[in-house]
Amino acid sequence: MNACSTAAPTSVEPTPDEHTPVAPSTMRAAVARSYGTAEVVAVEEVPTPAAASGEVLVSVEASSLNALDWHFLTGTPYLIRLVGGLRHPRRVIHGADVAGTVVAVGADVTAFEVGDRVFGECGGGGFAPLLTAKVGGLVPIPSGVTFEAAGATPVAGLTALQGLRTHGATTPGEHVLINGAAGSVGTFSVQIAKALGAEVTAVCSTRNVDMVARLGADHVVDYTADDFVEGGARFDVMLDNVGNRSAAECISVLRPGARYVAVSGPKDNRWLGPIPHVARTWFAFRRADATFHQFTASPNHADLEFLGELLAHGSVVPEIQRTIGLDGVADGLAEIGSAHARAKILVTPT
Ligand SMILES: NC(=O)c1ccc[n+]([C@@H]2O[C@H](COP(=O)([O-])OP(=O)(O)OC[C@H]3O[C@@H](n4cnc5c(N)ncnc54)[C@H](OP(=O)(O)O)[C@@H]3O)[C@@H](O)[C@H]2O)c1
């Protein structure tokens, strides 16, 4: 997940030629220099990063907000600080999603050239007009796909795709239950499950029922009025973006041979986050006639290219609730922290 570097940006030392635009030495970025909630995010002038060997410098046209950004902003669960920095965040600019144009290439880069349109997932840096990214996390944006669509897709699209296809092994005609269908991952999950040929039952709150149905869900359960555990339906795959039900309840709605895919879990343990809940669920599934799967999404070219094809084909159209600039990042992250964000919040940092 960590393919971009913005931790300690250094001033660019451009060697201009007729093909390489000169990057400015500083840029405005949404910066968080300490762990905290939205109040630690400020828009500041920072040095422009320079592409190291194996990296490209990307002019960011679009990024988007993800729960991942909230976890690295707050440094919770605390376990995440082993990666993000023990006392202070190593990376001060968040934003793991990126879509933009390559404006410079580092040494040993042959995959991309200046002017290429690219999208992908990186560890951070998207809430700034320029970021450096390792080429391993980027693929070309297919013709006809907008920067906005590409920038909304990487983290949430990869999570939904890997949850449903890699771990859920969803096949056409199977019945998929998506618990938590209205957020970043959920809105991609509904569309990708339909693209894989599944029948989809989606769980969300009242205000999101119409949106989730419009995205293609065959059946929508409003969890404020009904309970999917009591509904009588049985499923081949359960993609759990919430983790608010016991293992016994999840097992009770699964058909023999089904797959339960844990994307998330309760966040009430400040040190370990969902790990204790996930461990208990795994343990309970050992006796079930269904399998347990847990994963952390990671970027790879094949999955990003497949997502690009879905976007180009129109099988997946990112549901964007609003677009914000750098000045809106703090409020947008606060909304993500509420655990009831709706669909995608897009960031256009220029
Ligand atoms: N394993 C991984 O690699 C991976 C990757 C990405 C995200 N995640 C995790 O997956 C979770 C979802 O991520 P996200 O980006 O989609 O978050 P998000 O955009 O913040 O969306 C959260 C959604 O959860 C829904 N929700 C809250 N309580 C619910 C309930 N009781 N029943 C059904 N839905 C409920 C909300 O819909 P309503 O407003 O309708 O309640 C909201 O739309 C997060 O916990 C995140 O940390 C894991």
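## A buried aspartate and its surroundings

Aspartate 97 is buried (under 20% relative accessible area, with exposed meaning over 50% and partly exposed in between, using a 1.4 Å probe on protein chains only) yet takes part in no salt bridge. A salt bridge here is a side-chain nitrogen of Lys or Arg within 4 Å of a carboxyl oxygen of Asp or Glu. The nearest side chain of opposite charge belongs to lysine 344, 4.0 Å away; for charge, Lys and Arg count as positive and Asp and Glu as negative, while His and the chain ends are not counted.

Before we go on, a word on the model: it is predicted, so to speak of local features a pLDDT of at least 70 is needed, side-chain atom pairs count only at pLDDT 80 or more, and totals for chains, interfaces and linings use all residues. Residues are numbered from 1 along each chain as its sequence is written, and side-chain values use heavy atoms, with hydrogens and water left out.

### Around aspartate 97

You will find aspartate 97 in strand E5 (residues 97-105). Helices (H or I, at least four residues) and strands (E, at least two) are DSSP runs, numbered from the N terminus. A polar atom of the aspartate 97 side chain lies 2.8 Å from the backbone nitrogen of valine 155. Such a polar contact is a pair of N or O atoms within 3.5 Å; within protein, one must be able to donate a hydrogen and the other to accept it, and residues adjacent in sequence count only if both atoms are side-chain atoms. Not counting residues up to four places away in sequence, aspartate 97 also touches a set of residues that includes Ala62, Ser63, Gly120, Gly151 and Lys344, where contact means heavy atoms within 4.5 Å.

### The nonpolar cores

In soluble globular proteins, nonpolar side chains tend to be buried together. A nonpolar core is a set of buried Ala, Val, Leu, Ile, Met, Phe, Trp, Tyr and Cys residues joined through side-chain atoms within 4.5 Å. The largest one in this model has 42 residues, and those with the most contacts inside it are Phe119, Ile141, Leu164, Ile178, Val190, Ile192 and Val212. Among the elements that give two or more residues to this core are helix H4 (154-167), strand E9 (175-179) and helix H5 (184-195). A second, separate core of 30 residues includes Ala29, Ala30, Leu65 and Ile345.

Leucine 164, leaving out residues up to four places away in sequence, touches partners including Val176, Ile192, Leu196 and Leu239. Glycine 168 sits in the loop between H4 and E9, and it counts as buried because its relative accessibility is 0%. Beyond its neighbours within four places in sequence, glycine 168 is in contact with Gln162, Gly163, Val237, Arg259 and Val261.

### The ligand site

Which residues come nearest to the ligand? Of the 27 residues around it, they are Ser205, Tyr223, Ser264, Lys267 and Ala341; a residue is counted as near if one of its heavy atoms lies within 4 Å. The side chain of serine 205 places an N or O atom 2.6 Å from a ligand oxygen. For histidine 340, a side-chain N or O atom is 2.9 Å from an oxygen atom of the ligand.

### Salt bridges

The structure holds 11 salt bridges.

| Aspartate 327 | Arginine 28 | 3.4 Å |

Aspartate 327 is exposed, at 61% relative accessibility, whereas arginine 28 is partly exposed at 41%.

Arginine 255 belongs to strand E13 (residues 254-262) and aspartate 236 to strand E12, so their bridge links parts 19 residues apart in sequence. Here aspartate 236 is buried, with a relative accessible area of 13%, and arginine 255 is partly exposed at 35%.

Glutamate 335 in helix H10 and arginine 322 in strand E15 tie together parts 13 residues apart in sequence. Glutamate 335 is partly exposed at 22%, and arginine 322 is partly exposed at 29%. Elsewhere, salt bridges that share partners join Asp227, Arg245 and Glu249 into one network.
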